[in-house]
Amino acid sequence: MTESLITMSKIEKTYKLGDNVVHALDHIDLSIEKGAFISIVGPSGSGKSTLMNMMGCLDKPDKGKYILGGSHIDQLKDRDLAEIRNQKIGFIFQNFNLLGKLSAVENVELPLLYRGVKTKDRRARALECLNMVGLKDRAAHLPNQLSGGQQQRVAIARALAGEPQILLADEPTGALDSKTSEEIMNLLTALNENGRTIVLITHDLNVARKAKRTVSIRDGKLQEGEHI
Amino acid sequence: MNVFTSIKMAGRNIRANKMRSFLTMLGIIIGVSSVIALLAIGQGSSKAVADSVNSLGTNLITVNITNTDTHFTRDDLKQVKQAVGVKSVAPVLSGRSTVRNGSTSSQVSVIGTTSSYLSIRQLSVKDGRFVSSLDDTFRQKVAVLGSELATTLFPNGSPINKDVLIDGQRYTIVGVLNSKGGSMGQNSDDAVYLPFSTSQRLLGTTYITQFYAQAENQSSVNWAMAGITRVMNQTYSSTDDYSVVNQQDVMETMSSVTSTMTMLLAGIAGISLLVGGIGIMNIMLVSVTERTKEIGIRKAIGAKRRDIMLQFLIEAAVLSMLGGLCGVGIGILAAKIYAAATGSTIVFSLQVMAAAFLFSAFVGIIFGVFPAYKASKLNPIEALRTD
């Protein structure tokens with residue numbers, strides 16, 4: 001058994017919608033080891049976005065323990081969470097979420113910018129990451145000059161730039177056609193084979209099956225395996 | 001993230017919305033340029049007043065008699081001359097008349113006075129002589145021309161010993177003065193000077209309503225003023241009947257007027273700067289709303305609240321400082337155009353420019369704080385969800 005990168009125990013998160021209390025996450029226990037490729041599947045409203053936000057340190061649990069790479073996330077302040085996001089997590093979003101006014105390479109530089117890396121080193125590292133996703137020749141292009149698949153690859157390069165411990169991909173193929181989706185999934189698989197830990201959140205079972213392990217979430221409760 | 005990168009990023013955002021950025025800066029530009037132009041004009045007029053007052057000499061004392069029931073006579077004036085500290089006195093009778101030479105005529109001020117006027121008003125004779133006491137005693141019909149009047153009436157050759165008609169009466173020109181320039185509404189160059197007694201006949205006045213006195217030196221001005229007041233009190237019962245002022249008083253009055261004006265102008269300009277600042281806040285708030293998604297992305301990637309705050313604050317500051325710089329340039333230009341068009345004095349002061357510029361930067365930062373704070377407080381999850 002390899003060491004555990006993510007340990008969640010008895011995570012709870014509730015929202016109030018009018019008079020109703022919604023248990024978005026209900027006693028979640030999850031452990032993800034280093035080098036894993038895990039997919040979390042569930043229909044919309046199942047709580048998978050909340051789980052993703054929790055894992056990505058954008059949100060804090062109401063109750064329970066969350067340990068990421070040795071840090072007790074549930075006890076940290078907002079300011080420290082920003083630092084954890086910057087150092088340990090690489091986000092890949094469904095809609096790419098690139099900054100439209102910045103070129104591809106500048107988008108990839110962003111995590112390093114907030115880490116205070118010098119301009120020269122930043123640029124070198126960003127180009128290296130773009131090379132990794134096969135877009136070195138598109139470095140100066142703006143996002144709207146790139147195809148959807150290329151934009152997602154830029155986003156992946158951005159997620160890689162900070163050497164995070166975990167890549168969090170939220171429906172990474174949701175806005176792409178099936179051919180480009182496959183390219184992106186192959187890229188993620190290759191990254192996993194190179195030792196990166198990937199958490200994939202999706203509602204698409206075909207995509208989920210690319211992962212080595214699948215867990216299902218429904219009504220805020222987590223189950224091992226596909227249960228949709 | 002370092003400040004230099006933030007400035008570069010702010011510059012990029014400003015360039016991305018050129019029209020909007022320009023309109024935002026316009027408030028600051030108008031504010032700063034009006035501060036600079038109006039203060040340059042205000043300080044220029046203060047300086048012009050100070051210069052003209054000083055050009056009359058600081059030993060000058062002016063006495064105006066407002067009571068016309070009790071007449072002040074030449075004998076009274078002789079007593080004034082005896083007062084301690086008074087070096088010389090000159091009665092002044094002034095009016096306006098038409099001076100004619102052949103077909104050329106000019107409407108100028110007529111000043112009837114005595115020989116001591118020349119030194120008291122610090123004038124000098126270019127050609128010929130000034131009116132003498134003999135002219136005064138014998139009511140000689142002689143005249144001395146100011147330099148401008150001399151050139152108007154006698155464009156070619158010297159006017160000395162030529163005749164002019166003043167209100168139809170013939171006068172012989174005995175002298176021409178050097179140019180002195182205008183001062184306080186009086187242009188000594190565009191005037192004709194007559195012996196006092198002659199002017200009394202011309203203007204139909206038998207008494208003295210105004211005279212100048214010269215103190216022996218600057219330190220005896222107050223002594224002289226006290227002496228003059230004592231003599232005046234012998235003739236007049238009330239101090240409301242006459243006024244005794246020295247150049248210092250005149251200068252203080254004038255400068256208090258101009259400084260009030262300047263403060264008013266600065267106040268108005270300051271208000272427009274403030275309005276400009278509110279404009280910046282308005283646009284920055286719009287910008288925060290528009291860029292909610294961007295803020296969410298940046299936060300997800302690891303931007304701290306401080307980073308977001310700094311980014312928006314620097315953008316507001318860069319915007320207002322750019323406006324401030326443009327305003328300084330336009331203000332200088334506007335003041336120069338005004339000076340060229342009206343021929344008045346303008347004074348630029350580096351302090352005013354620096355203050356206006358710094359104030360604009362300050363306004364930008366102050367009014368940028370609230371939008372920046374708002375941006376930094378955004379919840380990343382909600383911010384990411386917006387489109």
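1. Gln200(B) is buried, with a relative accessible area of 15%. Buried stands for under 20% relative accessible area, exposed for over 50%, and partly exposed for the range in between, with a 1.4 Å probe and protein chains only. Gln200(B) sits in helix H7 (residues 196-203) of chain B. Helices (H or I, at least four residues) and strands (E, at least two) are DSSP runs, numbered from the N terminus. Setting aside neighbours within four places in sequence, Gln200(B) contacts Leu93(B), Thr205(B), Thr206(B) and Tyr207(B). Contact means heavy atoms within 4.5 Å.

2. Ground rules come next. This is a predicted model, in which local features need pLDDT of at least 70 and side-chain atom pairs count only at pLDDT 80 or more, while totals for chains, interfaces and linings use all residues; side-chain values use heavy atoms, with hydrogens and water left out. Residues are numbered from 1 along each chain as its sequence is written, and chains are lettered from A and ligands numbered from 1 in the order in which they are written.

3. Chain B is assigned domain 1 (3-52 + 253-385) and domain 2 (71-235). These bounds come from an automatic or database domain assignment. Taken over C-alpha atoms, the centres of domain 1 of chain B and domain 2 of chain B are 55 Å apart.

4. Which residues of helix H3 (residues 74-82) of chain B are buried? They are Asp76(B), Leu77(B) and Val80(B). These residues lie on the same side of H3(B), because they cover an arc of only 100 degrees around the axis. The arc is taken from the directions from the helix axis to the C-beta atoms. Turned away from that buried side is a face with the exposed residues Asp75(B), Lys78(B) and Gln82(B). The packing partners of the buried residues of H3(B) are strand E2 (86-101), strand E11 (210-215) and helix H8 (221-235) of chain B.

5. Chain B also carries a nonpolar surface patch of about 370 Å², made by Leu274(B), Phe359(B), Phe362(B) and Ile366(B). Patch residues have over 30% relative accessible area and no salt bridge; like charges are joined within 9 Å, and nonpolar side chains (Val, Leu, Ile, Met, Phe, Trp, Tyr) within 5 Å. Areas come from the Shrake-Rupley method with a 1.4 Å probe, and for residues only the protein chains shown count as cover. Helix H12 (residues 350-377) of chain B gives the largest share of the patch, three residues. Phe359(B) is found in H12 of chain B. Phe359(B) is partly exposed, at 33% relative accessibility.

6. Now the salt bridges. The whole structure has 24 of them over all chains. The criterion is a side-chain nitrogen of Lys or Arg within 4 Å of a carboxyl oxygen of Asp or Glu. In chain B, Asp51(B) and Lys47(B) form one, at 3.4 Å from N to O. Both lie in helix H2 (residues 18-55) of chain B, four residues apart, so about one helical turn separates them. Asp51(B) is partly exposed at 41% relative accessible area, and Lys47(B) is partly exposed at 40%.

7. In chain A, a network of salt bridges links Arg125(A), Glu128(A), Glu163(A) and Arg196(A). Arg125(A) and Glu128(A) meet at 2.9 Å, N to O. Both belong to helix H4 (residues 119-132) of chain A, three residues apart, about one turn of the helix. Is Arg125(A) buried or exposed? Arg125(A) is buried, at 13% relative accessible area. Glu128(A) is partly exposed, at 45%.

8. Arg125(A) has a further partner in Glu163(A), with the closest N and O atoms 3.2 Å apart. Glu163(A) lies in the loop between H5 and E7 of chain A and Arg125(A) in helix H4, so this pair ties together parts that are 38 residues apart in sequence. Glu163(A) is partly exposed, with a relative accessible area of 47%.

9. Gly162(A) lies in the loop between helix H5 (148-161) and strand E7 (166-170) of chain A. Gly162(A) is buried, with a relative accessible area of 6%. Not counting residues up to four places away in sequence, Gly162(A) touches Gln87(A), Leu112(A) and Arg115(A). Gly162(A) and Val108(A) are 54 residues apart in sequence; their C-alpha atoms are 9.1 Å apart in space.

10. Helix H1 (residues 48-55) of chain A is mostly covered, with seven of its eight residues buried. Among them are Leu51(A), Met52(A), Met54(A) and Met55(A).
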